[in-house]
Amino acid sequence: MSDYPLFSAGDFRRRALNQNGGPVDRAWRDHGDHLLNPTLVDFAAGLKLKDAAVLVPVVDDGDEAKVILTQRTSTMRKHSGQIAFPGGGIDPEDRSPEQAALREAEEEIGLDRSFVETLSRLPTYYAATGFRITPVLSVVRRGFEIRPNPTEVDEVFEVPLSFLMNEANHQRGSREWDGKERHFYVMPYEERNIWGITAGILRTLYERLYA
């Protein structure tokens, strides 16, 4: 049991460090939309993929933690206009996925890493668009400033953790991709539509920490 409220950053920290579902390096097939698209995941895992990392930034905001998300610009080459976590490719000088995620968050939204406590990782997310993504779970303390990079980010906003971790808000959608039907999660929030990779990672977060 936790001494913290259910959707506080303190309780999130405890859950992130004690995940359900087995070791992250062996659980990537078992969660999120990977379960909905097993053949697509096998296809993606067999591609020559670029390693990437995203920061899952949970803001310590009392009893009701928030999650920082971005809306990518419409001019981005991949995933343009979509809702995303701060993140990107792991560069040779990055010592770890954690370092890459922190660097990308600084470059994309100006989030100073001194406000960020990295905790653990979720299982790898294999994206058929060519990336092997490591989600890095973190807690962010208030006091930070957001300065979006206008070439990459149109908007930065926060969503209550309680909303994202409520299974009732996890809808399913499908569309044809490369001649095959692909299934994915959709999490509409206010006027925004969270789906694709971001919703898949959030669903994995729910399954490993809150289900």
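The legends below describe close-up views of one predicted model. In this predicted model, local features need pLDDT of at least 70 and side-chain atom pairs count only at pLDDT 80 or more, while totals for chains, interfaces and linings use all residues. Residues are numbered from 1 along each chain as its sequence is written, and side-chain values use heavy atoms, with hydrogens and water left out.

**View 1. The open sheet β9-β10-β11.** Three strands form an open sheet in the order β9-β10-β11, with antiparallel pairing. Its edge strands, β9 (171–177) and β11 (192–195), each pair on one side only. From one strand to the next, the twist averages 40°; axes are lines fitted to C-alpha atoms, for helices over the stretch in contact, and angles run from 0 to 180 degrees between N-to-C directions. Strands (E, at least two residues) and helices (H or I, at least four) are DSSP runs, numbered from the N terminus. Two strands pair if DSSP finds at least two bridges between them. Seven bridges join β9 to β10 (residues 180–189) in the antiparallel sense, and arginine 175 stands opposite arginine 182 in β10.

**View 2. The loop between β10 and β11.** Glutamate 190 lies in this loop. Most residues other than glycine have a negative phi. Glutamate 190 is not a glycine, yet its phi is positive, at about 50°. The residue is exposed, with a relative accessible area of 62%. Buried means under 20% relative accessible area, exposed over 50%, and partly exposed in between (1.4 Å probe, protein chains only).

**View 3. Strand β2 and its partners.** Strand β2 (residues 66–72) is mostly covered, with six of its seven residues buried. Strands of a sheet pair through backbone hydrogen bonds, either parallel or antiparallel. With strand β1 (residues 50–59), β2 pairs in the antiparallel sense over two bridges, and valine 58 stands opposite valine 67 in β2. β1 and β2 form a hairpin with six residues between them, and glycine 62 in the turn has a positive phi of about 75°. Strand β8 (residues 153–160) also pairs with β2 in the antiparallel sense, over seven bridges; here isoleucine 68 stands opposite glutamate 158 in β8. Strand β3 (residues 83–84) runs antiparallel to β2 and is joined to it by two bridges. Threonine 70 has alanine 84 in β3 as its bridge partner.

View 4. The structure holds four aromatic pairs. One of them, formed by tryptophan 28 and tyrosine 126, is tilted, at 4.6 Å centre to centre and 55° between the planes. Rings of Phe, Tyr and Trp (its six-membered ring) pair if their centres lie within 6.5 Å; planes under 30 degrees apart count as stacked, over 60 as edge-to-face and the rest as tilted. The pair links distant parts of the chain, 98 residues apart: tryptophan 28 is in the loop between α1 (9–17) and α2, and tyrosine 126 is in strand β6 (residues 125–127). Tryptophan 28 counts as buried at 15% relative accessibility, and tyrosine 126 counts as buried at 15%.

View 5. Aspartate 51 forms a salt bridge with arginine 132, with the closest N and O atoms 2.7 Å apart. Aspartate 51 is in strand β1 and arginine 132 in strand β7 (residues 131–140), so the pair ties together parts that are 81 residues apart in sequence. Aspartate 51 is partly exposed, at 35% relative accessible area. Arginine 192 forms a salt bridge with glutamate 155, with the closest N and O atoms 2.6 Å apart. This pair links strand β11, which holds arginine 192, to strand β8, which holds glutamate 155, 37 residues apart. Arginine 192 counts as buried at 10% relative accessibility, whereas glutamate 155 is partly exposed at 33%.

Key
Salt bridge = Lys/Arg side-chain N within 4 Å of Asp/Glu carboxyl O.
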